[in-house]
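Here is a structure worth a slow look. Could you walk me through how it is put together, one piece at a time?

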Amino acid sequence: MPKETIKRRTDLSSNLLGFCRYLRSKGFTIGPAEISLMLEALDRIAPFETPEAFKESLAATLCRSRRQQEMFGELYDKYWKELDKAVNSKRIDHPEEKPQPSQSKKPSIQQIKNWLYGNKEEEITDIATYSAQQTLGQRDFASFSEEELGELWRVIQQIARSMAMQANRRWEKTHRQKQIDLRNTVRQNLRRGGELLDIRFRRPKRNRHKLVVICDVSKSMDLYSQFLLQFLYTFQNVDKKIESFIFSTSLQRVTHALKGYQFKESLQRLSQEVNTWSGGTRIGYSLQQFVQGYSRLLNKRTTVIILSDGWDIGDTNILEKSMRKIHGKAGRVIWLNPLAGNPDFKPEVKGMQVSLPFIDIFTSGHNIDSLKALARKLK
Amino acid sequence: MLSHPSLDKVREMLALQGYITEPSIVMSVFLAMELKKPLLIEGPAGVGKTEIAKVMASALETELIRLQCYEGLDATHALYEWNYQQQLLQLKLEEKSEKSLKEKEKTIFSDRFLLKRPLLQAITHDQSPVLLIDEIDRADEEFESFLLEVLSDWQITIPEMGTIKATHIPQVIVTSNRVRELSEALRRRCMYLWIDYPDFDKELQIIRAKTPNIDERLAEQICKFMQEVRTMRLEKVPGIAETLDWAQALAALHIDHLEKDLVESTLGIVLKDWTDIREVSTSLSELFEKVGVISKIE
């Protein structure tokens, strides 16, 4: 019967729309464009060879990421099963198609609706491509388990790489140096009959700022330092120059050791080495070593990043003096204190207090979001 | 030429080209061709993402134009560049001529002096080609949004010449290894397909298809071994390409089963990172136990 078919079809498309709505509540990005693509796809494969083909064509047109593709199967089964139940119960209990919510414990249209729209909170945790990263972004590094750390390394690299790429891939015009900007040159010299009198140059845009990173690798700070260095080194691949130092009781320059291929391994080895003579943190002494040995690294285009909680068993006078020197010579001093990630934090430690006047930016660096914010400040 | 391939035909086409598929891949490839939508394929390295574009091109009997992305890729490498040497020569030749500046300009900024890069090639091709944009995640985000523009308008503006409109809209395949997340805008423009490492059965089928002379038991052992190796935490997880290299090497040596010494000496075919090799060699006995290979008693 034609009438019958028409009705069936509207049923199907309204069910499909319901399904789309359901997927949307699970974090899928489905707009009119996706829906019409899906309907078009169904039109092309009709008559459906198999139920699988139907399901696959929905998956192919509605999924936009790996996570969605993985979730799809389960959501699909769940939805149509629930719908089947509803349709059956409708036939048996309510031939008039009037839902009588008071009466039945079997699934009714209303219950389906509740189920469709209602329980968002309960399932919101496992949705969406980006939300996972967002929650990841706010978690303190120290709260990750051993297994999660591996994943975290990957995420941090990914973020740093994409930020680094943004930072640095344009050409700028220049008068000195290197590569001829042929396009500009040819255009400029056209009027001279092609005699190249006026040669134009270009070179990659360059960020000549230098970073000096001084990291506390004593026990409580080690993890944060590792992530900070990892994050910053990804930038170095692009252009920025980074000098790095680690300390707990005394300072060690690790710039060259970290240039190698096995970044992560050498960093862990180095921080263990430094920690073997451990007997508490001596930040003042370490910074003094830096000032004495390496202050020629500093100039007004240098940003100094210090990561430490400010605990010092040594003399805070030395710390104050060293900080004054560093601040005087460097362009900017950024102090990262992972403890500052805690909202109740107050910089009450003596080492922290004497250093504060010489710090331009004081922030935490204890999770991915704060590292991102740091990178933006470095641009 | 197959202008309206049915689902079965796509399946056959892929099979004919020696590509072992899952239904989800067939469906995505089919719909991408039917609906003329770009297909974004993500997955780890070495699972055959690029292969799909090649298969598609040969199935459609059309050309494959490939744009390999890399850090720092910009418009001059993706779109077009003027052939400056030629332009300068031309200007030299015309030095004595009475042509006005305008005329000279017109000559040197014409088709003759235009070097077409992949994107421009693809849209000016005389038959709709397959355009493979490989490893888009390596290019920067600016390039990505630039690409979006091309993918939606199918036209390219060259300041010196004007706007060039696509003669045929190419079939686009975009691949990514997820080095960085792609923008939502690009995702929405494309159909999406995630290809994972193959499961045991699929990998076995692939080995059989590509290495017909391999011993049955060896093929199974290799697959089991690879499945186990992939569960380890490695720097660089081996893909299908590595499996096939290994299978072919062992088959060429007329070997019919895995042995500890043999695996140790050929591990370099499977693993491309020395820390990985070290890690796998140290846990080889354990691995063999899981795979069910009895190591030779020394």
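What follows is a short tour, starting with chain A and then moving to chain B.

First, some housekeeping. This is a predicted model, where local features need pLDDT of at least 70 and side-chain atom pairs count only at pLDDT 80 or more, while totals for chains, interfaces and linings use all residues. Residues are numbered from 1 along each chain as its sequence is written, chains are lettered from A and ligands numbered from 1 in the order in which they are written, and side-chain values use heavy atoms, with hydrogens and water left out.

Let's begin with chain A. Its average pLDDT (the predictor's confidence in each residue, from 0 to 100) is 73, and 67% of the residues score at least 70. Over residues 92–107 of chain A the pLDDT is below 50, and beyond near neighbours in sequence that stretch makes 11 contacts in the model; a contact means heavy atoms within 4.5 Å. Residues 118–134 of chain A also have pLDDT below 50, with 20 contacts beyond near neighbours in sequence.

Chain A has 15 helices and nine strands. These are DSSP runs numbered from the N terminus, with helices being H or I of at least four residues and strands E of at least two. Of its 379 residues, 46% count as buried, meaning under 20% relative accessible area, with exposed over 50% and partly exposed in between (1.4 Å probe, protein chains only).

Now zoom in on helix 12 of chain A, residues 283–294. Its end C-alpha atoms are 16 Å apart, which agrees with the 16 Å that 12 residues should span at 1.5 Å a residue; the expected span is 1.5 Å times one less than the number of residues. The buried residues here are A:Ile283, A:Gly284, A:Ser286, A:Leu287, A:Phe290 and A:Val291. An α-helix has 3.6 residues a turn, so residues three or four places apart point the same way. Among the elements that this buried set packs against are strand 4 (210–216) and helix 13 (316–329) of chain A.

Over in chain B, look for the open sheet of five strands, which has the order 2-5-8-1-9 with parallel pairing. Two strands pair if DSSP finds at least two bridges between them. Strand 2 (64–68) and strand 9 (191–194) of chain B are the edges, each pairing on one side only. Strand 1 of chain B pairs with strand 8 of chain B over four bridges, with B:Leu39 bridged to B:Ile173. Strand 1 of chain B also pairs with strand 9 of chain B over four bridges, and there B:Ile41 has B:Leu193 as its partner. B:Leu39 and B:Ile41 point one way from strand 1 of chain B, B:Leu40 and B:Glu42 point the other way, and all are buried.

Finish at helix 13 of chain B (residues 260–270), where the buried residues are B:Leu262, B:Val263, B:Thr266, B:Leu267 and B:Val270. Their arc around the axis is only 160°, which puts them on the same side of the helix. Among their packing partners are helix 11 (216–231) and helix 12 (240–252) of chain B.

How values were computed
Arc of directions from axis to C-beta.
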